[in-house]
Amino acid sequence: NIICQKEMTAFIADEEIRYMDWMESNFNNKSSSGSLLDSAFGEYGDYRMALFNKLYTFMPQSGFLQLTEGVEHGACQELVEKALSRARMILTEKARSTSTVKKTTALLTKYQQINDELAELTQSFIDMKKYLDIFSDKLPCYIGKSCNKG
């Protein structure tokens, strides 16, 4: 049982670092969060499978009774369950935070585009007012002294 716990703890630590690095790089991708979720769930499945495969190496071989092996695997199973719980939390947190950041970035980009278009529209109105003022100054006033300006 102690050997199982030590080996599983070391294995989980290595796999968890690899899993977290993969999740970080996956969700830093520029793709939409929805498309990244499929690959993230696949990686979680691979991580889960690796942990259970390692755990099964400590289980009694086919045809042997657990009593004859003399090993209780409850503690090792608990290590695996805690590691998988942390992995699910990491996946959920990364998906939420990345999704929020990407939505915020998309909104800011859209607002900047709208702001730029409004600036162009404002400049067009200013230019039009200048042209109308110039036209008004050059147009002879046939009506008399009551010509409108602006």
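Me: What pattern does the protein follow when read along the sequence, and what makes a stretch count as a helix?

Reply: Read along the sequence, the protein follows the pattern α-α-α-α, and its secondary structure comes to four helices and zero strands. Helices are DSSP runs of H or I with at least four residues, strands are runs of E with at least two, and both are numbered from the N terminus. This is a predicted model, in which local features need pLDDT of at least 70 and side-chain atom pairs count only at pLDDT 80 or more, while totals for chains, interfaces and linings use all residues. Residues are numbered from 1 along each chain as its sequence is written, and side-chain values use heavy atoms, with hydrogens and water left out.

Me: What makes the rings of tyrosine 19 and tyrosine 47 a pair, and how is the pair classed?

Reply: Rings of Phe, Tyr and Trp (its six-membered ring) pair if their centres lie within 6.5 Å, and planes under 30 degrees apart count as stacked, over 60 as edge-to-face and the rest as tilted. Here the centres are 4.6 Å apart and the planes stand at 25°, so the pair is stacked. Tyrosine 19 in helix H1 and tyrosine 47 in helix H2 are 28 residues apart, and their pair links distant parts of the chain.

Me: What makes a set of residues a nonpolar core, and which residues have the most contacts inside the largest one?

Reply: Such a core is a set of buried Ala, Val, Leu, Ile, Met, Phe, Trp, Tyr and Cys residues joined through side-chain atoms within 4.5 Å. The largest has 22 residues, and Met8, Tyr19, Tyr47 and Val80 have the most contacts inside it. Helix H1 (2-27), helix H2 (33-56) and helix H4 (74-138) each supply at least two residues of this core, and H4 gives the most, with eight.

Me: Which residues is methionine 8 in contact with, leaving aside its neighbours within four places in sequence?

Reply: With contact taken as heavy atoms within 4.5 Å, methionine 8 touches Leu51, Lys54, Leu55, Phe58, Cys76, Leu79 and Val80.

Me: How do you know whether tyrosine 111 is buried or exposed?

Reply: Tyrosine 111, found in helix H4, has 53% relative accessibility and therefore counts as exposed.

Key
Buried means under 20% relative accessible area, exposed over 50%, partly exposed in between (1.4 Å probe, protein chains only).
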